[in-house]
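Biologist: I have a structure open and would like to go through it slowly. Can you walk me through some of its residues?

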Amino acid sequence: MTHSWHDVSPGHRMPLEFCAVIEIPTGCSLKYELDKPTGLLRMDRILYSAVHYPANYGFIPQTLAEDDDPLDVLVLCQESVYPLCLIEARVVGLMTMVDSGKLDHKIIAVAVNDPEYSSYREAVDLPSHRRNMLRRFFQDYKQLEGKTVEVDEMQPAETAVPVIEQALQRYSEQRRRGFYQKAPS
């Protein structure tokens, strides 16, 4: 069985274009998360606030973020994408949060094969309302849980490049150390 984190290639055009694995479709209020041992998705919770994900939310395979999870990505496109679907994406920006005292980077990307979004190269080119919705979602989504989240302003695509490269490197180092071994069938 293919593991969505370990066995899927992030692509050959890294770090600006990559294959993203979608966990949560646009418009959903369920929080799915990668089940690291199996590569499947697990329903983590239903969001406490009256909000829904403003973009397709997932991760870049074979990356390890500072929070010990795969690197998060929000992929903008005109349709909701099914969970565990692979989508070719291009980075347009970076949004960094502090969640429970830890840095939590969110790569902002567009679907390469979506004619409505494929021409965007930078987050600043997106409609301002779309940028505001993305940021506001992360400011609000844990509020009714009594958790505080700080969300920085959206940064240009070039600021996301070292974050992606470091996440790829962190994953490679862990893999070399034998941390990610396939479970016996």
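Modeller: What follows is a short talk about annotated sites, aromatic rings and a cavity. This is a predicted model, in which local features need pLDDT of at least 70 and side-chain atom pairs count only at pLDDT 80 or more, while totals for chains, interfaces and linings use all residues. Residues are numbered from 1 along each chain as its sequence is written, and side-chain values use heavy atoms, with hydrogens and water left out.

Biologist: Which residues does UniProt list under "binding site" together with D67?

Modeller: The unreviewed UniProt entry places that feature at D67, D72 and D104. UniProt positions are given here in the numbering used for this model, feature names are shortened, and annotations may be inferred rather than shown by experiment.

Biologist: What is the largest C-alpha distance among them?

Modeller: The largest C-alpha distance is 10.2 Å, so they cluster in space although they are spread over 38 residues of sequence. The lining of the second largest pocket includes D67, D72 and D104. On a 1 Å grid over the protein atoms alone, a pocket is an open set of points with protein on both sides within 12 Å along at least five of seven lines, and lining residues have an atom within 4 Å of a point.

Biologist: Is D72 buried or exposed?

Modeller: D72 is buried, with a relative accessible area of 10%. Buried means under 20% relative accessible area, exposed means over 50%, and partly exposed is in between, using a 1.4 Å probe and protein chains only. D72 is found in strand β5, residues 71–76. Helices (H or I, at least four residues) and strands (E, at least two) are DSSP runs, numbered from the N terminus.

Biologist: What does D72 touch?

Modeller: Leaving aside neighbours within four places in sequence, D72 is in contact with Y57, G58, F59, D104, H105, K106 and I107. Contact means heavy atoms within 4.5 Å. The side chains of D72 and Y57 are also joined by a polar contact of 3.1 Å. A polar contact is a pair of N or O atoms within 3.5 Å; within protein, one must be able to donate a hydrogen and the other to accept it, and residues adjacent in sequence count only if both atoms are side-chain atoms.

Biologist: And D104, where is that?

Modeller: D104 sits in strand β7, residues 102–111. D104 counts as buried at 9% relative accessibility. Not counting residues up to four places away in sequence, D104 touches D67, D72, M95, T96, M97 and D99.

Biologist: Which other residues does UniProt mark as "binding site"?

Modeller: The unreviewed entry also has K31, R45, Y57 and Y141 under that feature. The lining of the second largest pocket includes K31, R45, Y57 and Y141.

Biologist: What about K31 on its own?

Modeller: K31 is found in strand β2, residues 30–34, and is buried at a relative accessible area of 8%. Its side chain makes a polar contact of 3.3 Å with the side chain of E33. Away from its sequence neighbours within four places, K31 is in contact with residues including R45, Y53 and Y57.

Biologist: And R45?

Modeller: R45 lies in strand β3, residues 41–46. R45 is buried, with a relative accessible area of 15%. Among the residues R45 touches, not counting those up to four places away, are K31, Y141 and E145.

Biologist: New topic. How many aromatic pairs are there?

Modeller: The count comes to 8 aromatic pairs. Rings of Phe, Tyr and Trp (its six-membered ring) pair if their centres lie within 6.5 Å; planes under 30 degrees apart count as stacked, over 60 as edge-to-face and the rest as tilted.

Biologist: Why is the pair F137 and F138 edge-to-face?

Modeller: The ring planes of F137 and F138 are at 85°, with centres 4.9 Å apart, so the pair is edge-to-face. F138 and Y141 also form an edge-to-face pair, because their planes are at 80°, with centres 5.3 Å apart. Y53, Y57, F137, F138 and Y141 form one aromatic cluster.

Biologist: Last one: what lines the largest cavity?

Modeller: The lining consists of A65, E66, L71, H105, V163, Q166, A167 and R170. Helix α2, residues 157–176, gives the largest share of that lining, 4 residues. A cavity is a set of grid points where a 1.4 Å probe fits but cannot get out.
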